[in-house]
Amino acid sequence: MPSNQPRSPEVFLNLNVRGMGASATLAINEHSQRLAAQGRDIYRLGLGQSPFPVPGHVRDALARNAHQKDYLAVKGLPALRQAVVDWVRRTEGLDYSPDNVLVGPGTKELMFLVQLVYYGDLVIPSPSWVSYAPQARIIGRHIHWLRTHLSSGLGVEPAVLEELCRKDPDRPRLLILNSPSNPTGLCYSETQLRALASVLRKYRVLALSDEIYSGTHYTDNHVSLARFYPEGTIISNGISKWCGAGGWRLGFFVFPDSLGWLADAMSTVASETFTATSAPIQYAAVAAMEEHPDMPGYLDRSRRILATLANHAYQTLSSAGAELHPSGGGFYLFPRFENLRDRLASRRIFNGETFCERLLEDTGVAVLPGNCFGRPDNELSTRLAIVDFDGEKALAAAATEDVDTAFIRKHCSRVTTAIERMAEWAAG
Ligand SMILES: Cc1ncc(COP(=O)(O)O)c(C=O)c1O
């Protein structure tokens with residue numbers, strides 16, 4: 001054979017990545033785009049990003065820092081690390097050293113790094129956020145899904161965690177606890193956190209407390225697991241959700257002194273991969289973390305809008321026969337339609353994926369099936385994000401109007417209409 005033919009490399013994919021197909025999230029997005037291209041109006045309750053604008057003073061800080069062009073320290077801008085520990089002291093009453101803060105390009109990247117650097121099994125409840133398990137799979141970590149119950153909001157239960165740990169008490173494990181939760185809206189109470197902390201301490205489990213939705217807790221009563229298990233908990237937070245800046249890509253981990261070795265190992269890997277987080281964004285994030293007179297009002301109005309929407313969704317879907325837990329914070333609800341299984345089966349809908357496809361086709365409402373979050377394929381569960389509305393207009397209106405059902409029907413009508421269509425369609 002003449003050897004002047006161009007030859008591309010053979011297909012040699014890392015075994016951990018091989019076979020990782022496009023997720024159901026993508027399938028729903030593509031289906032939505034096809035329908036939108038045909039002129040259909042699509043209600044986007046699939047993607048979970050903040051509907052609200054980045055607060056004005058934080059945007060101004062970014063504009064003022066556009067000239068910042070130098071690489072920053074791998075752990076992050078010292079002023080930002082200081083602002084983060086001050087913020088944790090104000091919000092949680094806990095003291096940390098700025099040396100133990102690691103800033104990254106989103107907490108998602110930091111979560112990948114912690115799973116890479118820490119040698120242990122990943123332990124998460126079913127359902128959990130979409131990316132924890134795939135990250136473990138890429139790295140080659142064993143994943144243990146914890147059994148959950150609707151009565152406790154589909155969250156981690158101390159007895160279930162104890163049952164797992166007791167079998168092999170010395171095995172290293174990383175538990176990710178997400179509160180407020182994506183996908184369920186569950187916010188763990190102080191009592192639940194205390195009980196979990198005692199099991200975590202007994203088996204020396206490393207805990208990652210994913211608090212990215214903390215600022216959206218509807219009654220502003222977010223409590224960190226770190227209050228009850230400080231020595232074994234990493235706090236994970238950032239500006240993506242409560243500050244509306246997901247696309248800015250900035251998050252941080254806060255470690256206790258006892259986990260300084262892990263912070264150092266992660267920053268070594270960070271120095272060989274992303275180097276440091278974007279400089280202008282870090283300078284702007286200082287403004288997001290420091291006290292500012294506009295921030296309490298921004299957060300309060302965001303929370304009232306989200307809480308009223310979540311309550312409307314809860315009432316409407318429960319009345320239609322769905323089983324779900326009320327949401328206490330964040331952008332999501334996780335209804336299950338097992339009570340309607342017979343009726344749905346007569347319409348040839350047997351699982352979450354066909355439920356979502358047919359719902360989209362028939363009503364234009366896009367939501368995600370429960371199996372994206374680790375629920376069984378045959379379960380009739382879905383996750384909805386209540387964020388398809390103009391957050392800037394709604395926030396402005398909330399400054400002068402009461403935030404009640406009439407308000408959300410007026411300013412977030414795409415979400416209320418979508419939920420009502422979904423409820424009627426499911427019960428139909
Ligand atoms: C539960 C949860 N954790 C973490 C993240 C990652 O956020 P970021 O990488 O923007 O900090 C998200 C984003 O959707 C999330 O929903």
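A charge sits over a ring if NZ of Lys or CZ of Arg is within 6 Å of the ring centre and within 35 degrees of the ring normal. Two such cases are listed here.

| Charged residue | Ring | Distance from ring centre |
|---|---|---|
| Arg347 | Trp425 | 4.8 Å |
| Arg414 | Tyr43 | 4.6 Å |

Please keep in mind that this is a predicted model, where local features need pLDDT of at least 70, side-chain atom pairs count only at pLDDT 80 or more, and totals for chains, interfaces and linings use all residues. Residues are numbered from 1 along each chain as its sequence is written, and side-chain values use heavy atoms, leaving out hydrogens and water.

Now to the ring pairs: the structure holds 11 aromatic pairs (rings of Phe, Tyr and Trp, the last by its six-membered ring, with centres within 6.5 Å; planes under 30 degrees apart are stacked, over 60 edge-to-face, the rest tilted). Trp87 and Trp242 are stacked, at 5.7 Å centre to centre with 15 degrees between the planes. Trp87 belongs to helix α3 (residues 78–92) and Trp242 to the loop between β7 and β8, 155 residues apart (helices, H or I of at least four residues, and strands, E of at least two, are DSSP runs numbered from the N terminus). Trp87 is buried at 12% relative accessible area, and Trp242 is buried at 5% (buried means under 20%, exposed over 50%, partly exposed in between, with a 1.4 Å probe and protein chains only). Ring pairs join Trp87, Trp242 and Phe252 into a cluster.
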